[in-house]
Amino acid sequence: MTPPHIPEVHLPEEPFLQVASALTLELNQALKLLRDIASGRNPKKFLMVIAASWVLSIVGSWCNFLTLFYIAFLLLHMVPVFYEKYEEKVDLFAEKAMVEIKKQCAVFNVKVLSKIPIGPLKTKKV
């Protein structure tokens, strides 16, 4: 009895290099964004990250990770369907909410952020 013929598989190198290059670019952009947020160059994003972390910690104290994952999974499947069904109402509400958020951000900017002293950034010598 002869063994079965198993064909050789040759995978081209170029697609793997393209994927690695694309992932490298995306990772570098993400790291640059994280560095900018952590260094405080963009106070608005910095405060948004702090607020999001605070909200996540509060929600996380109410239930465990598996429950949060399940809720996120359900929302990711339900929200697009509801948006398609009620698109006009959602867009109108979102427009009103954005106007109100912009007003509140402007007030916060004037009352809080404008009073924070920002010194000159030191440049590193290479």
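Mentor: We shall take the features of this chain one at a time.

Trainee: What kind of model is this, and how are its residues numbered?

Mentor: This is a predicted model, in which local features need pLDDT of at least 70, side-chain atom pairs count only at pLDDT 80 or more, and totals for chains, interfaces and linings use all residues. Residues are numbered from 1 along each chain as its sequence is written, and side-chain values use heavy atoms, with hydrogens and water left out.

Trainee: What is the mean pLDDT of the chain?

Mentor: The term pLDDT denotes the predictor's confidence in each residue, from 0 to 100. Here the chain has a mean of 88, and 94% of its residues reach 70 or more. Confidence is highest in helix α1 (residues 13-39), at 93, and lowest in helix α2 (residues 43-62), at a mean of 88.

Trainee: How many helices and strands are there in the chain?

Mentor: Helices (H or I, at least four residues) and strands (E, at least two) are DSSP runs, numbered from the N terminus. This chain holds four helices and zero strands. The radius of gyration, taken over C-alpha atoms, is compared with a globule rule of 2.2 Å times the number of residues to the power 0.38. For this chain the radius is 24 Å, well over the 14 Å that the rule gives for 126 residues, so the chain is more spread out than a compact globule. Its C-alpha trace spans about 85 × 55 × 35 Å along the principal axes.

Trainee: What span is expected of a helix?

Mentor: The expected span is 1.5 Å times one less than the number of residues. Helix α1, with 27 residues, reaches 39 Å from its first C-alpha to its last, close to the 39 Å expected. After α1 comes Gly40, whose phi is positive, near 85°. Helix α3 (residues 65-85) has 21 residues and reaches 30 Å, close to the 30 Å expected.

Trainee: Where in α3 does a kink lie?

Mentor: The bend at a residue is the angle between axes fitted to the seven residues ending there and the seven starting there. In α3 a kink of about 30° lies at Met78, shortly before the proline Pro80.

Trainee: Which residues are linked in a network of salt bridges?

Mentor: Side chains of opposite charge can pair when their charged atoms come close. A salt bridge is counted when a side-chain nitrogen of Lys or Arg is within 4 Å of a carboxyl oxygen of Asp or Glu. The count here comes to two salt bridges, and the network links Lys32, Asp36 and Arg41. Lys32 meets Asp36 at 4.0 Å, N to O, and these two residues are separated by about one helical turn because they are four residues apart in helix α1. Between Arg41 and Asp36, the closest N and O atoms are 3.1 Å apart.

Trainee: Are these residues buried or exposed?

Mentor: Buried means under 20% relative accessible area, exposed over 50%, and partly exposed in between (1.4 Å probe, protein chains only). Asp36 counts as buried at 19%, Lys32 as partly exposed at 46%, and Arg41 as exposed at 52%. Across the chain, buried residues make up 2% of the 126 residues.

Trainee: Which residues does UniProt list for "transmembrane region"?

Mentor: UniProt positions are given in the numbering used here, feature names are shortened, and annotations may be inferred rather than shown by experiment. An unreviewed UniProt entry lists residues 46-76 under that name. In the model this span is 94% helix and 0% strand, and its end C-alpha atoms lie 26 Å apart.
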